[in-house]
Amino acid sequence: MEEILDRFLIRIIFALFCCIILYAYKYSHFLFYRRSIKQVKNEFNLLENPSDTLHFLSRILGLAIIFSFVEFNRFLSVEVSLIHLSIVSLTIMISYLISLLIIEAIVLHKFNYRTEILKNNNFSYALIIFSLNISTAFIIKSILLHSQNSVLIFLTLWLFAMCLLGLIARLFNFYSRFQFNRNISQQSIGVAISFAFYILGTTYLLSKSFDQPHIEKYSYMLRIFFKVFLSVLIVPVFIAAIRFIFSLKMKKNLVQSYIEDKEKSISYGLAEGLVFLISAIMTSWIVFNINLTGVFTFV
Amino acid sequence: MNKVIIYILLLVSYLSLNRAIAPDNLGLEYIRSSKDLEKLIKHYPATAILERIMTKGYIIKTYYQKYKIVYAHRSPRDIIVRTRRRFAESSKQYVGMSLFSIDEDKKVSTLAMPPGTIFLNNEKFGQWYFKSSQYFWKFYRSYRRLPIYLGWGSFRPSKEFFETSQVNKKEKKPFMGLEQEFGATGEITLQFLPRSQKNEIFNSIKFGNLFKKYLKTNYN
C-alpha cells in the first residue's frame with residue numbers, strides 16, 4: 001500500500017512541477033515573445049477573439065507536444081529528476097519561443113500580430129500560425145530526441161532544422177496555386193487549410209529525416225539533407241499519381257474563381273492540402289522504410 | 001513544361017551531389033585494373049591478394065573487390081575498392097591469387113600469380129632447403145608469419161614451382177600452381193578463404209528456391 005501511495009505522490013509532485021513550468025513559460029513570453037505580450041500580461045478572454053485564442057493556445061499545445069519526449073527510466077531520486085526536468089524545460093521554452101519568432105519572420109514577414117489578430121480578427125492568419133507552432137514543436141521534439149543530451153549537438157541541429165523548415169515553408173508558393181500573402185490578407189480560409197496540411201506533411205518528413213545513424217555531426221547533417229532532397233523528388237510523383245489514379249479533377253476555368261472566393265476557397269484548400277499530406281505520408285514510406293544499404297552479394 | 005525541366009534539374013543535381021559528397025559514397029577508391037592498386041600501396045615490397053568480389057545493387061550493380069595487402073616489413077591490411085564490371089568478371093577465376101606485386105626496386109607486376117611469388121628466391125627473406133629429394137622455400141625467422149598471411153597453410157613452394165612461375169611470367173601467362181592449387185577452385189585457396197565465404201559463392205538467385213524458403217519459414 002505504501003509503495004502505491006508513494007508512486008502516486010511522486011506523480012502528483014511531477015504534475016505540480018509541470019504547472020510551475022507552465023507558469024514559467026507564461027512569463028518567459030516577456031523575454032522571448034514580446035509581440036503577443038498582451039495575451040499573458042492580463043486575464044485572457046477566450047471567447048472575445050477566436051483568432052487570438054487559436055494563436056495563444058497553439059503555443060501552449062506546442063509546448064505540451066515537446067514535453068511528451070521527456071522520459072524518466074532510471075529514477076534515482078525526486079530531487080535529481082526535478083533538477084533535470086527544470087534544465088530540460090528551460091531549454092525547451094527558450095528554443096521553442098525563439099524558433100517561433102524565426103519561423104514567423106520567414107513565413108509571415110509581411111504581417112503583424114496586432115493588425116491581423118487584434119484589429120482584423122484574421123482567422124486565416126491564426127490558422128497558419130497554429131500549423132507553424134505545431135510543426136515547430138514536432139521538429140524541436142525530434143531534435144531533442146536525437147541530440148543525445150548534448151547542448152552543442154542540440155544547437156547545431158536546431159539551427160540546421162530552422163533553415164530547412166524555413167526553406168520548406170517558402171516552397172509552398174511553388175506547390176500551391178494560392179497567392180500566399182494576398183490570400184491571407186483577404187482572410188481566405190482555404191489558403192490556411194492548404195498551408196496547414198502542407199506544413200504538417202513536410203514536418204512529418206523532416207522529423208523522420210532526423211532518424212539517421214549518429215556517426216559524425218557533419219555526415220549526419222548531410223544524410224538529413226539528402227533524405228529531405230530525396231523526399232522533394234518523390235512527393236511530386238505521388239501527387240501526380242494520386243490525381244491520375246483516382247481521376248481527381250479540378251476544372252481549370254473554375255480554379256481561379258474558387259481561389260478568390262472566401263467560402264469556395266475552403267474546398268480548393270482541402271483538395272490541395274489533403275493530396276499533399278497523402279503524398280507526404282506515402283513518400284515517407286518509400287524514403288524511410290526501405291533500407292537499401294549494406295547488402296552485398298558475393299560473386 | 002517548366003515544372004518538368006525543374007524536376008529533371010533537381011534530379012540531376014541530387015544524383016551528382018549524392019555521388020560527390022554523400023557520406024555513404026566516400027572513402028572507397030575506384031580502380032579500373034589491378035595496376036591502379038599502385039596508388040594505394042605505399043610501402044614495398046608488397047603483394048595484393050584478391051580475397052573476394054562483391055556486388056551491390058539490384059538493378060544497376062556496383063562491383064567491389066577486397067584485397068589483402070601483404071607487406072614484407074609491416075602487418076597486412078585489408079582494403080575494399082570499387083571497380084568496373086569487366087575487371088571484376090575477368091578476375092573471378094583469380095580469387096585467392098596475387099593480382100598486384102611491387103618489389104624492392106618498385107617494379108610492378110600485374111600478372112595473376114600465386115600469393116607470395118614475389119618473395120621467392122630472394123635471399124633477404126628466406127632460403128631453399130633440401131627435403132625429400134626436392135628444394136623447398138623457407139622464410140627466415142623474422143618473416144615466419146608470411147606463409148600465414150599469404151594463406152599457404154602447410155604448402156611450401158618447391159624450386160620446380162618457382163621455375164615454372166618464372167617461365168609463365170616471361171610468357172606473360174597467369175600461373176595457378178603446378179596442380180592448379182591456386183585460383184578460385186584451387187585446393188589451397190579454398191582452405192585459405194573463410195568458411196562462410198566458401199558456402200556463399202553463388203552467381204544468381206533462384207526465385208523458386210527463395211519463395212519455397214519463405215513459405216517454409218513463415219507458413220510451416
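Relative accessible area is classed here as buried when under 20%, exposed when over 50% and partly exposed in between (1.4 Å probe, protein chains only). The structure is a predicted model, in which local features need pLDDT of at least 70 and side-chain atom pairs count only at pLDDT 80 or more, whereas totals for chains, interfaces and linings use all residues. Residues are numbered from 1 along each chain as its sequence is written, chains are lettered from A and ligands numbered from 1 in the order in which they are written, and side-chain values use heavy atoms, with hydrogens and water left out.

Side chains of opposite charge can pair when their charged atoms come close. A salt bridge was assigned where a side-chain nitrogen of Lys or Arg lies within 4 Å of a carboxyl oxygen of Asp or Glu. Over all chains, this criterion gives seven salt bridges. One of them joins the side chains of Lys66(B) and Glu51(B), with an N to O distance of 3.6 Å. This pair connects distant parts of the chain, 15 residues apart: Lys66(B) belongs to strand 3 (residues 62-71) of chain B and Glu51(B) to strand 2 (residues 46-56) of chain B. Helices (H or I, at least four residues) and strands (E, at least two) are DSSP runs, numbered from the N terminus. Both Lys66(B) and Glu51(B) are buried. Together with Asp78(B), these two residues are linked in a network of salt bridges.

Two further salt bridges involve partly exposed residues of chain B. Glu89(B) pairs with Lys92(B) at 3.4 Å, N to O; Lys92(B) has a relative accessibility of 26% and therefore counts as partly exposed, and Glu89(B), at 34%, is partly exposed as well. In the salt bridge between Lys173(B) and Glu171(B), the closest N and O atoms are 3.1 Å apart. Lys173(B) is partly exposed at 43%, and Glu171(B) is partly exposed at 46%.

A pair of aromatic rings is described by the distance of the centres and the angle of the planes. Rings of Phe, Tyr and Trp (its six-membered ring) were paired if their centres lie within 6.5 Å, with planes under 30 degrees apart counted as stacked, over 60 as edge-to-face and the rest as tilted. Trp137(B) and Phe139(B) make an edge-to-face pair, 6.0 Å centre to centre and with 90 degrees between the planes. Trp137(B) is buried at 2% relative accessible area, and Phe139(B) is buried at 9%. The pair of Tyr214(B) and Tyr219(B) is edge-to-face, with 6.0 Å centre to centre and 75 degrees between the planes. Here Tyr214(B) is partly exposed at 42%, whereas Tyr219(B) is exposed at 58%. One aromatic cluster in chain B includes Trp137(B) and Phe139(B), with Phe119(B), Trp128(B), Tyr143(B) and Phe182(B) also among its members.

In chain A, Asn49(A) occupies the loop between helix 2 (37-41) and helix 3 (50-67). Asn49(A) has 10% relative accessibility and so counts as buried. Excluding residues up to four places away in sequence, Asn49(A) touches Ile117(A), Leu118(A) and Asn121(A), contact meaning heavy atoms within 4.5 Å. A polar atom of the Asn49(A) side chain lies 2.9 Å from the backbone oxygen of Ile117(A).

Definitions and conventions. A polar contact is a pair of N or O atoms within 3.5 Å; within protein, one must be able to donate a hydrogen and the other to accept it, and residues adjacent in sequence count only if both atoms are side-chain atoms.
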